[in-house]
Amino acid sequence: MKMKRLLILAFVSFLIPSLLIAAGTKESAADGVIELSVYHYLDQTDKTTAPNFQHLVDVFEAANPDIKLSFEYGYGESFHDKLQTMAMSGQLPDIVLLYPGERTSQVTSAGLVKDLRPYLSGHEDEFADMAMQAQGENGEIWELPEDISITSIMYTNNRLLAELGLEYPKSYEELLTQGPVIRKAGLIPISIANKDAWPMQSCVAGMLVERACGMEWWDKALSGEASYDDPEFVYAMEIIKELNDKQMFSPGTNQLAYGQGLDDFVNERAVYLLDGGWTVNSMVGELTDEQKTYMSLESFPDIPNQKGQSLSVSATAGQGFGMNAKLNEKEAEAAWKWIWFYSGPEGSAIRQQYGRLPAYNLDEPEDADPMIKKLIAFAGKVPMGYVMDSVIAAEPIGTFNINLQNMMFDTMSPMEVAQDLERMVSSVGR
Amino acid sequence: MKRSVTIGKILAYVLMITFTLLTVVPLVWMILSAFKPHALIVRQPLAPPFTFYIENFILSWTQGHLGIYFLNSIVYSLSATFVTVGLAMSSGYALSKFQYRSGRIIYGFYTLGLLITVHSVIVPLFIMETKLGISNTRLGVILPYIAFGLPFQVFLATTYVKGIPDSMQESAIIDGATFLEVFVKIIIPVATPILSTMFIYTFLGNWNEFILVLTLTSDMMIRSLPVGINSFAGGMSRDYGLQFAALVIGTVPMIIFYMIFKDKIAQGFAAGSTKE
Amino acid sequence: MTYAQQKHMSYWILVLPGILVFASIIIFPVLFSFSLSFTTWNGYGMPTFAGLENYRTIISDPVFLHSLRNNLLIVVISVFGQIPLGFLLAYLLHRSMVRHGNFFQTMIFLPITISPVVVALLWNQIFSSSGMVVALVRSFTDNPQYVIRIFEDQQLAIVPILFVLLWMHTGTYMIIYYANLQKMTPSVLEAAQIDGASENQMLMRIILPSMIGTIATTAIFAISGSLKAFDLIYAMTGGGPAHFTEVIAIYMYVNTFKYYKYGFGSAASIIIVLLAVGLIMLLQYFSRRLERRFE
């Protein structure tokens, strides 16, 4: 009976306040202040990106006291789940983080966001060309890209290379011969963590497709004049297979959660790391000053019978904010202030300091971190090809990612992976 | 004869100790790791913490906003649990002692509810809640908690009340009591053991629930602990020290709760799982 | 108010609030889902009618068939692993075969309190390529390339998950059986003992037959729980690598929320319900036959 009384006490003390809170309504806006809701992709527990983003918000709010932004964050797969549910139920926030290409095309193609071109007009030249490519069927710009993402950088630990008596390889064959030497020293040749299945596609496959097939073929494949089961494409798949079979990747790469790849590199257990340019953001904080002197950014070496550009990388204009089509004129103006602040000159300068590669053209910063300078220099000199998941629809690419895993486990052949991609792409329409 | 008893005993101990170790070792390792900085966990996963690195807890508590999540978890778990248990008990009484034909149909619906996954209703549910204006509110979380708790709790309540002799109800009715009075004055007191089991079982389920809060809420102020903990597990958040600290914060209160109520849990299960 | 009226009204007062909440939050969306399963719909505009097309695509999809196989393995480990083990543990405790039974009981039941998300993260920390076990083996064998290959085997990748499920849920069954064993009238067993029945005979002839009802009930929960399995697997492997550990609930989740195929995903969730109903009917058929044999 004593417990019963206890339970009743607990009930009264917790239920009543909770119902009161539940019944409470949202506070109304103060006079003259425009309130806007923002949905952003952010891991709030990340030691680097979360405080960095907060700093940007603080700067903006100090400069614009008449605009109040309320943020809502999503992260990983759940970011997209949530975005989809909000869009379907007509609850899209005022400002939303969107992706170029296919990742958020459910939202953009449904006419739920405004075309930003009228707001942008006159400033187009201030951005990298890649960022100003049309995002909609009629040339619309749905989101203002914040960054250029290079997705296939070979981060190189030159100290380890020198210790092993090696140099950065000039050819793919030379890279393969380094494998046994590196492994013998107890190190990982190329660190990459592919449990989540997208890294092998995003950081390796797209780059190899351009190398093996060339940009001309790529454009034909996208328009349907070339097919993904062409021998060139199969050849790109065979290279991944060979890298895997010759144990060039992290052992158990398909069991490693993304981030563990960087961990192995930062702790100098790996000679190379195949990852995107966004990783520089973490490296700024995680590498020691000394490490930063001998870590370099390189392109994957050229492959035999290469049809594409020498030392090319895969790259895409990154995500950025777009605004809800339902906003009235005054709200839209306020929303644009945030979008322009974030992806325009002011925000870009701040983000560049943090190790991002803004889509907005900026002068090279003088006091930037050495890794950031290396990234900017690298981006300036390499030719660029497509990132697969920004040009191919979500379902074919999701299947392709997993098929690459199958290929590494010998449950599929490179030819079958290529054929399956062609079949999927033609069934959903190019 | 005697030898077989000894072998049996040894086997019994081996089995018991294996299961116990499987539980204790990971938990102890988790708690110890929570006191180690990330670098030490990675380099020496088995070493004991040389110093008690409390920063993990402070950082994960503040950066992960675990304080708010913790409070929300308590609010959701308690309020949804009380309503669920109340509704399930009254339904259990009505479905077991009234002998209406509709009772069989209703009971059948609840049984079917046991088979429904949260995922198969989450999209329609979100759309509905948005139309009603209760999405992203505490009420919008508590209502689905109640609904998903009901099938199993109605099952427990119905089987238990069925076991209460009809004579108790009949004599009270002859003395002029109404059915509602019977429910409050006779059924509820007699059913106390199953009530506490239902309470504990529902509470645990609600406390650990993940996917509903994740999709039905977006406002950080009204999210709950499992969602908060999971944000430490994302592929890109790589500080294992923080992750372990968050796991400890999410687990230890439940272990304490369990230690307090474990006898009640055991008693109630006997009552709840008898064949009708 | 007559007696009949009063009874009728009380009945509805007691039963209506629950059924209203239940119907509006579960039954209505399920019906919505059911009708969606015959359509193609990406979330916007009107769904287009597709007949049985979704169902046809699903049952010829090798990924679905592998998921189904994994689900059935989970059913098997639940019904033929967790339940017998749980019973054995309960029986050992009940017959006081070990000292400190109370302590063991507490420990074995403890996993029930831990959220599946936490369990998944914890076991991942132990077994992943950067986890405790791999680090140990690597330092002992001096082989920095070592990884646990079972996770990369199409047929066996599900085994570690089955093991974790066994660990998580055996305690629940143990508690249920233990409690029911305690309720048995001791006089029956004492009488049997006086008659010279051996431990084995008592178990097979008296204890087990009286527990068939309980076992059948728990088996129903085991089956429906197994087919719904999601949280733990999603947080541990996400169905990967390469769909090796996928189950139907994840298959449904990915198609619905990642590829926005709402009709298709609804069809998959309806299949889960149909499977559960089928398996449970099968189970009831067998348990009735068993009971008749003992009567």
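This is a predicted model: local features need pLDDT of at least 70, side-chain atom pairs count only at pLDDT 80 or more; totals for chains, interfaces and linings use all residues.
Tutor: Let's start with a rule: two residues are in contact if their C-beta atoms, placed from the backbone, lie within 7 Å. Residues are numbered from 1 along each chain as its sequence is written, while chains are lettered from A and ligands numbered from 1 in the order in which they are written.

Student: How many residues of chain C are in contact with chain B?

Tutor: 68 residues of chain C, and they meet 71 residues of chain B. On the chain C side, helix α1 (residues 3–36) gives the most, with 19 residues. Helices (H or I, at least four residues) and strands (E, at least two) are DSSP runs, numbered from the N terminus.

Student: What classes of residue make up the side of chain C that touches chain B?

Tutor: Sort them like this: Ala, Val, Leu, Ile, Met, Phe, Trp, Tyr, Cys and Pro are nonpolar, Asp, Glu, Lys and Arg are charged, and the others, Gly among them, are polar. That side of chain C then has 48 nonpolar, 16 polar and 4 charged residues.

Student: Which residues of chain C does UniProt list for "transmembrane region"?

Tutor: The unreviewed entry gives residues 12–36, 72–93, 157–181, 202–223 and 262–286 of chain C. UniProt positions are in the numbering used here, feature names are shortened, and annotations may be inferred rather than shown by experiment. In the model, residues 72–93 of chain C are 100% helix and 0% strand, with end C-alpha atoms 30 Å apart. Residues 262–286 of chain C are also 100% helix and 0% strand, and there the ends are 37 Å apart. For chain B, the spans in its unreviewed entry include residues 74–95 and 240–261. Residues 74–95 of chain B are 100% helix, with 31 Å between the end C-alpha atoms; for residues 240–261 of chain B, again 100% helix, the figure is 32 Å.

Student: What are the domains of chain A?

Tutor: Domain bounds come from an automatic or database domain assignment. Here chain A has domain 1 (34–147 + 318–360) and domain 2 (150–315 + 381–428). Their centres, taken over C-alpha atoms, are 29 Å apart. Where they touch, domain 1 of chain A supplies 11 residues and domain 2 of chain A supplies 13.

Student: And how do I read a pair of helices?

Tutor: Two packed helices are described by the angle between their axes and the distance between the axes. Take α13 (residues 329–343) and α14 (residues 345–353) of chain A: their axes come within 4 Å and cross at roughly 40°. F341(A), Y342(A) and S343(A) of α13(A) meet E346(A), G347(A) and S348(A) of α14(A).

Student: What ipTM and pTM does the predictor give the complex?

Tutor: An ipTM of 0.83 and a pTM of 0.85.

Notes
Axes are lines fitted to C-alpha atoms, for helices over the stretch in contact, and angles run from 0 to 180 degrees between N-to-C directions.
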